[in-house]
Amino acid sequence: MNPEELIAQAQKVRENAYAPYSGFKVGAALLTVKGNVYTGCNIENSSYGLTVCAERAAVAKAISEGERQFEAIAINAPTGNYCSPCGACRQVLLEFGAGIEVYMSNDQGEYKLMNVGELLPAAFELKVKDE
Ligand code: THU
């Protein structure tokens, strides 16, 4: 799948975002090595800290369906800036691979590409993963 297609899916799903507090709707599309795509949007809460980001919503869907190997994730938001994953999402993505490509895109579908390891250098990791 090319980056443009993945970004288009992130752009589409962001319409489902529940973001009444910030008004900032984010979409994410996570591509697995099997070629499946799991999308996610941000889900805000009146207790602000309980908000779930689009990226983590997509990861939760994929893991719940039994997929753990990811190639890439596209993130899209209605901004001229490339939408970059927050620190918490970087850590969650890192759990599944520093090599995951992150397409940070803007409203026009233009993107900047970095991998998770570049976005979160010197990350905390426990070397006891057995799964
Ligand atoms: N948000 C995401 O969904 N992903 C990010 O990587 C950055 C922030 C959401 C959280 C909140 O609902 C809104 O964007 C404004 O911060």
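Two strands pair if DSSP finds at least two bridges between them. The legends below describe close-up views of a predicted model.

**View 1. Strand 1 and strand 2 pair as a hairpin.** Strand 2 covers residues 37-41 and runs antiparallel to strand 1, with five bridges joining the two. Within this pair, Ala 28 stands opposite Gly 40 of strand 2. Four residues lie between the strands, and Gly 35 in the turn has a positive phi of about 95 degrees.

**View 2. Strand 1 also pairs with strand 3.** Strand 3, residues 70-76, is antiparallel to strand 1 and joined to it by six bridges. Here Leu 30 is found opposite Ile 73 of strand 3.

**View 3. Both faces of strand 1 are covered.** In a regular strand the side chains alternate between the two faces of the sheet. On one side of strand 1, Gly 27, Ala 29 and Leu 31 are buried, and on the other Ala 28, Leu 30 and Thr 32 are buried. Strand 1 (residues 27-32) is largely enclosed by the rest of the structure because six of its six residues are buried.

**View 4. Residues surround the ligand.** Among them are Ser 22, Phe 24, Val 26, Asn 42, Thr 51 and Pro 85. The shell consists of six nonpolar, four polar and two charged residues.

View 5. The ligand taken alone exposes 370 Å², of which the protein buries 78%.

Terms used: Residues numbered from 1 in each chain as written. Predicted model: local features only at pLDDT ≥ 70, side-chain atom pairs only at ≥ 80, totals over all residues. Heavy atoms only, no water. Near = heavy atom within 4 Å. Areas by Shrake-Rupley, 256 points an atom, 1.4 Å probe, with all protein chains shown as cover. Nonpolar A, V, L, I, M, F, W, Y, C, P; charged D, E, K, R; others polar. Buried < 20%, exposed > 50% of the residue type's maximum accessible area, 1.4 Å probe, protein only.
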